[in-house]
Amino acid sequence: MGRVGIIQMTSGPDPLENIEWIEQQVKVLSNQGAQWIVTPENAIIFGSRADYHEHAERLADGPIQKKLARIAKQHRIWLVIGSMPIQSEHGVTTTTLVFDDFGSLVGHYDKLHMFDVDVADGHKRYRESDTFTAGNKVVTLETPFAHLGLSICYDVRFPHLYSQLVREGAQVIVVPAAFTAVTGEAHWEVLLRSRAIETQCWIVAVGQGGVHPCGRETWGHSLVIDPWGRIINQLDQAAGSMFADIDLAVNEQVRRNMPIERHTRFNNHFQINNKS
């Protein structure tokens, strides 16, 4: 059994202020026995396109990543940064970073699906692709506490990604997010519980919450869901932290009793033809 820590944030455009909050919460959670800790999407910078591009760093290089590595090493925890801007030859990606308890960057995931939608809130028009370049790889990662599947926010609306994560061995899937208050109230919990039930994985979903300096409002309500779809622990909208204990024996029991992956007729080796 492994204990995961959740850091819900109301991040702003200043990386130093956001990192200070992360470090404070890491100290609390590590003292509570958390082995690994997850932050939301846009944990390090939450602002404008100019803010993201100003602070974007090359992967595994730069002062922000050095600070995060130090935090992981000092507190001897694995640290999953939900996302921060990473500079690549193709543009800036919004990228999950995974640091081990020695401070080494051992995994990363570039968000696949860009949030280019219209929402009935004060911001109204979201065009994430104006700021970030989409990734092109599905990523899982073996850790001492679980085989992790990585995803970010809007990805949760694309169940085929989560099915692929399971095929690649995922036992726990992380969903760092910055859901708007409008879409969060409508869809956050039902989408996450659906992904847990259909994948028979633990879901660790960590959100931004509250009103940010830029005026945007996010939903928060970070939660941990077991493979049967039960909510194990949950926060409200305000910034804060919590932990949950993850028992991988639950995965085994649920998958043994209801072997969905073995029963599915939709996979790479089978095609159903529609005939009129």
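Modeller: Let's start at Ala-181, which counts as buried because its relative accessibility is 15%; buried here means under 20% relative accessible area, exposed means over 50%, and partly exposed is in between (1.4 Å probe, protein chains only). Keep in mind that this is a predicted model, where local features need pLDDT of at least 70 and side-chain atom pairs count only at pLDDT 80 or more, while totals for chains, interfaces and linings use all residues. Residues are numbered from 1 along each chain as its sequence is written, and side-chain values use heavy atoms, with hydrogens and water left out.

Ala-181 sits in helix 5; helices (H or I, at least four residues) and strands (E, at least two) are DSSP runs, numbered from the N terminus. Leave aside the neighbours within four places in sequence, and Ala-181 is in contact with Glu-217, Thr-218, Trp-219 and Gln-237, contact being heavy atoms within 4.5 Å. Asp-121 is 60 residues from Ala-181 in sequence, yet their C-alpha atoms are 8.2 Å apart in space.

Staying in helix 5 (residues 181-199), Glu-189 and Arg-193 lie four residues apart, about one turn of the helix. In general, an α-helix has 3.6 residues a turn, so residues three or four places apart point the same way. The side chains of Glu-189 and Arg-193 do meet in a salt bridge, at 3.9 Å from N to O; the rule asks for a side-chain nitrogen of Lys or Arg within 4 Å of a carboxyl oxygen of Asp or Glu. Glu-189 is partly exposed, since its relative accessible area is 32%, and Arg-193 is partly exposed too, at 33%.

Across the whole structure, a search finds eight such salt bridges. One of them joins the side chains of Asp-245 and Arg-3, 2.7 Å from N to O. That pair links distant parts of the chain: Asp-245 is in strand 17 (residues 240-246), Arg-3 is in strand 1 (residues 2-8), and 242 residues separate them. Asp-245 is partly exposed because its relative accessible area is 29%, and Arg-3 comes out as partly exposed at 21%.

Another salt bridge brings Glu-128 and Lys-111 together, 2.9 Å from N to O. Glu-128 lies in the loop between strand 8 (125-127) and strand 9 (140-142), and Lys-111 in the loop between strand 6 (105-110) and strand 7 (116-118), so the pair ties together parts that are 17 residues apart in sequence. Both Glu-128 and Lys-111 are buried.

Now the nonpolar side. The largest nonpolar core has 49 residues, and Val-4, Trp-36, Val-172, Leu-192 and Val-204 have the most contacts inside it; a core is a set of buried Ala, Val, Leu, Ile, Met, Phe, Trp, Tyr and Cys residues joined through side-chain atoms within 4.5 Å. Beyond four places in sequence, Val-172 touches residues including Trp-36, Ala-146, Leu-148, Trp-202, Val-204 and Ile-246. A second, separate core of 30 residues includes Ile-45, Leu-68, Leu-79 and Phe-99.

For aromatic pairs, the rings of Phe, Tyr and Trp (its six-membered ring) pair if their centres lie within 6.5 Å; planes under 30 degrees apart count as stacked, over 60 as edge-to-face and the rest as tilted. The count comes to seven pairs. Among them, Trp-36 and Phe-145 are stacked, 4.6 Å centre to centre with 5° between the planes. Trp-36 is in strand 2 (residues 36-38) and Phe-145 is in the loop between strand 9 and strand 10 (147-150), 109 residues apart. Trp-36 is buried, since its relative accessible area is 2%, and Phe-145 is buried at 11%. Elsewhere, Phe-115, Tyr-126, Tyr-154 and Phe-158 form one aromatic cluster.

Last stop, helix 6 (residues 249-257): Val-250, Asn-251 and Val-254 are buried. Down the helix axis, the buried residues fall within an arc of 100°, so they line one face; the arc is taken from the directions from the helix axis to the C-beta atoms. Glu-252 and Arg-256 are exposed on the other side of helix 6, and strand 12 (202-207) is part of what covers the buried residues.
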